[in-house]
Amino acid sequence: MTAFSIESLREKNIGNVYDLAQFTPNYKEIPQLGRRLDRPTIRGQAGTNVFGEANASYFIDGVYVSGSLSTATFDSLQRVEVIRGPQSAIF
């Protein structure tokens with residue numbers, strides 16, 4: 001797990017998921033055709049096709065987000081966590 005507090009987000013100038021990916025090992029945010037198709041990739045695991053269910057997902061306060069977070073900003077967040085592995089299934 002990689003966690004960023006509000007202080008470390010500001011210190012590293014992390015403002016979106018693309019910035020977050022630069023500071024998180026084994027995590028990439030791959031832009032696709034159109035913002036709504038962007039997918040997170042954890043340890044090389046991504047969706048099997050563009051419209052299929054992704055193998056890596058976003059959660060906000062424990063609630064699954066089905067779309068992309070590419071247009072979301074981190075201005076009002078207190079903490080960001082990237083969980084890699086099957087333990088993320090607890091959500």
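This is a predicted model: local features need pLDDT of at least 70, side-chain atom pairs count only at pLDDT 80 or more; totals for chains, interfaces and linings use all residues.
Me: Hi! Before we start, what does contact mean here?
Reply: Contact means heavy atoms within 4.5 Å.

Me: Got it. So which residues is Lys-12 in contact with, leaving aside its neighbours within four places in sequence?
Reply: There are Phe-4 and Phe-23, once those sequence neighbours are set aside.

Me: How far apart are the C-alpha atoms of Lys-12 and Phe-23?
Reply: They are separated by 8.5 Å, and the two residues sit eleven apart along the chain.

Me: And where does Lys-12 lie?
Reply: You'll find Lys-12 in the loop that runs between α1 (6-11) and α2 (17-22). Its relative accessible area is 31%, so Lys-12 is partly exposed.

Me: Let's switch to Thr-2. Is it buried or exposed?
Reply: Thr-2 counts as buried, because its relative accessibility is 14% and the cut-off for buried is under 20%. Thr-2 belongs to strand β1, which covers residues 2-5.

Me: What is Thr-2 in contact with, neighbours within four places aside?
Reply: Thr-24 and Pro-25 are among its contacts, and so are Val-80, Glu-81, Val-82 and Arg-84.

Me: New topic: in which sense do β2 and β3 pair?
Reply: Strand β2 (residues 27-30) pairs with β3 in the antiparallel sense, over four bridges. As an example, Ile-30 has Arg-39 in β3 as its bridge partner.

Me: Which residues of β3 are on each side?
Reply: Arg-39 and Thr-41 are on one side of β3 (residues 39-42), with Pro-40 and Ile-42 on the other. All of these are buried, and both faces of the strand are covered.

Definitions and conventions. Residues are numbered from 1 along each chain as its sequence is written. Side-chain values use heavy atoms; hydrogens and water are left out. Helices (H or I, at least four residues) and strands (E, at least two) are DSSP runs, numbered from the N terminus. Buried means under 20% relative accessible area, exposed over 50%, partly exposed in between (1.4 Å probe, protein chains only). Two strands pair if DSSP finds at least two bridges between them.
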